[in-house]
Amino acid sequence: MSHRVTIDGTTIETQRLRLRPWQPDDSVEALAIYGEADVARWLAPAMGRIDEPGRMQAIIEDWIAEQTETGRPTGRWAIDDLADGKLIGSGQILGLPPEGEDLELGYQFAPSAWGRGLGSEAGHALAHYAFSHDEEEVFAVVRTGNHHGIRTAREIGMEWVGETTKYYDLRLQVFRLRKGDLDLPNQ
């Protein structure tokens, strides 16, 4: 994996991706992500499948309104393919429930973008963003059975730390990446 990450304010670029703030007119393209049952099944109950543009636009408008200064590097990003400029994914750094103390990296991609290593590239970029804002560790929580999610967490360099029901009242696999472990050789 290429480790080139450029951060300019809230925009993050990698070799193949641009993570940028969401815009209200992203809703139609976002449906190719959140309208897909194969994506939404791993997000429920936090978020179900979105099946109509007006609802997607309202959700994006809520995400934009949520972008307030918390003193931590939290947020939501639309992910564009640098090759053609198309919106192909979504990324986020959010506080994990119940207290929001632990930060979770998350990323979702339209099925048309699967199988190219973009999830690990986006997760890696989000980790750089968090660590450039003085965070010391980030987490990924993955449902048992989400083999792609587990593989992606490992590709980012995250280590498995166990199972828990602490987050979202679900049995989840927990992966952690510490700042000092980012970009180590042979990850």
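**Entry 1**

I took a residue as buried when its relative accessible area is under 20%. The model I examined is predicted. I looked up Trp22 and found a relative accessibility of 4%, so Trp22 counts as buried. I then looked up Trp63, which at 6% relative accessibility counts as buried.

**Entry 1. Aromatic pairs**

I noted that a pair of aromatic rings is described by the distance of the centres and the angle of the planes. I found 3 aromatic pairs in the structure. For Trp22 and Trp63, the ring centres are 5.3 Å apart and the planes stand at 55°, so I recorded this pair as tilted. Trp22 lies in the loop between E3 and helix H1 (27-34) and Trp63 in helix H3 (residues 53-66), so the pair ties together parts that are 41 residues apart in sequence. I also noted that Trp22 and Trp63 form one aromatic cluster with Tyr34.

Trp77 belongs to strand E4 and Tyr129 to helix H4, so that the pair links distant parts of the chain, 52 residues apart. I found both Trp77 and Tyr129 buried.

**Entry 2. Nonpolar cores**

I asked which residues have the most contacts inside the largest nonpolar core. They are Phe109, Val138 and Met158, in a core of 30 residues. Among the elements that each supply at least two residues of this core, I listed strand E3 (17-21), strand E4 (75-81), helix H4 (118-132) and strand E7 (137-143). H4 gives the most to this core, with 8 residues. I recorded a second, separate core of 15 residues, which includes Ala30, Ile50, Ile59 and Trp63.

I examined H5 and found Gly149, Ile150, Thr152, Ala153 and Ile156 buried. They cover an arc of only 165° around the axis, which puts them on the same side of H5. His147 and His148, on the other side of H5, are exposed. I checked what the buried residues of H5 pack against, and recorded E6, H4, E7 and E9. After H5 comes Gly157, and I noted its positive phi, near 105°.

**Entry 3. The largest pocket**

I noted a volume of about 1300 Å³ for the largest pocket. The lining of this pocket comprises 45 residues, of which Trp42, Leu43, Tyr107, Gln108 and Asn146 are the closest to its centre. I recorded that helix H2 (37-40), E5, E6, H4, E7 and H5 each supply at least two residues of the lining.

**Entry 4. Backbone details**

I looked up the peptide bond from Pro97 to Pro98 and found it cis, with omega near 10°. Pro98 has its place in the loop between E5 and E6.

I found Asp134 in the loop between H4 and E7. Asp134 has 64% relative accessibility and therefore counts as exposed.

Tyr168 is not a glycine either, and I recorded for Tyr168 a positive phi of about 60°. Tyr168 lies in the loop between strand E8 (159-164) and E9. With a relative accessible area of 30%, Tyr168 is partly exposed.

Methods:
Residues numbered from 1 in each chain as written. Predicted model: local features only at pLDDT ≥ 70, side-chain atom pairs only at ≥ 80, totals over all residues. Heavy atoms only, no water. Core = buried A, V, L, I, M, F, W, Y, C linked by side-chain atoms within 4.5 Å. Buried < 20%, exposed > 50% of the residue type's maximum accessible area, 1.4 Å probe, protein only. Helix = DSSP H or I, 4+ residues; strand = E, 2+ residues; numbered from the N terminus. Phe/Tyr/Trp six-rings, centres within 6.5 Å; stacked < 30°, edge-to-face > 60°. Arc of directions from axis to C-beta. Contact = heavy atoms within 4.5 Å. 1 Å grid on protein atoms, 1.4 Å probe; cavity = no way out; pocket = protein on both sides within 12 Å on 5 of 7 lines; lining within 4 Å. Points joined across faces, edges and corners; volume = space filled by probe spheres on them.
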